[in-house]
Amino acid sequence: MCELLAAPGGAVSAAETAPARWGVLPSSVTVVRVSFWVSSLGPVLDAVAAAGAATGVRPAVSGPAGAGALYACLDPDTADEDAVRFVTALRGRVAGVLESGGPRGGVTVLTAPPAVLAASLDGAVPGLALMRAVKDQFDPDHRMFPDRFGGGG
């Protein structure tokens, strides 16, 4: 992989071992996924930067942008209120980008402290009523994946 990445003339190195806590997402860290059509990458990156600037939060952004996804990871020391403000601002800005001429996408909080997670469930999940109706029909006792949807169920 390093050879392929370095082929255009760059230099790439790889560590022999994974960093400590590799692959672990503790609930004390807020990780937000932004999904979008690749043609909207520039405006989505601008939206992430603007949401960060407006809220004073500096997320670390990574992910498979070429596949239409970015992950904004907030510092574990970010106050819950600041994280909620960032997610709210990011949702508003990304919605504006996607509505202004582009295909759809969204902003999803993947992991966060309980207060941030609860505050970021704003009921704006597209198709939530339909998903609940399907779950009620095929799993009336709610045994599979309890509490998968916001607000339980």
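**Surface, sheet and core**

Reply: The chain has an accessible surface of about 9800 Å², and carbon and sulfur atoms hold 59% of it. Such areas come from the Shrake-Rupley method with a 1.4 Å probe, and for residues only the protein chains shown count as cover. This is a predicted model, in which local features need pLDDT of at least 70 and side-chain atom pairs count only at pLDDT 80 or more, while totals for chains, interfaces and linings use all residues. Residues are numbered from 1 along each chain as its sequence is written, and side-chain values use heavy atoms, with hydrogens and water left out.

Me: How many helices and strands does the chain have?

Reply: Helices (H or I, at least four residues) and strands (E, at least two) are DSSP runs, numbered from the N terminus. Here there are five helices and four strands, and from the N terminus on they follow the order α-β-α-β-β-α-β-α-α.

Me: What is the order of the strands in the sheet?

Reply: Two strands pair if DSSP finds at least two bridges between them. In this case the four strands form an open sheet, E2-E3-E1-E4, with antiparallel pairing. E2 (60–62) and E4 are the edge strands; each has a single partner, so one side of each lacks a neighbour in the sheet. From one strand to the next, the twist averages 25°, where axes are lines fitted to C-alpha atoms and angles run from 0 to 180 degrees between N-to-C directions. E2 and E3 are antiparallel and joined by three bridges; Ala60 has Cys73 in E3 as its bridge partner.

Me: Which residues have the most contacts inside the largest nonpolar core?

Reply: In soluble globular proteins, nonpolar side chains tend to be buried together. A nonpolar core is a set of buried Ala, Val, Leu, Ile, Met, Phe, Trp, Tyr and Cys residues joined through side-chain atoms within 4.5 Å. The largest one here has 25 residues, and Val32, Val34, Phe86, Leu90 and Val94 have the most contacts inside it. At least two core residues come from each of E1 (31–35), H2 (41–55), E3 (69–73), H3 (80–99) and E4 (106–111). H3 gives the most, nine residues. Beyond its neighbours within four places in sequence, Val32 is in contact (heavy atoms within 4.5 Å) with residues including Leu70, Val87, Leu90 and Val107.

Me: Is Pro43 buried, partly exposed or exposed?

Reply: Buried means under 20% relative accessible area, exposed over 50%, and partly exposed in between (1.4 Å probe, protein chains only). Pro43, found in helix H2, is partly exposed at 40%.
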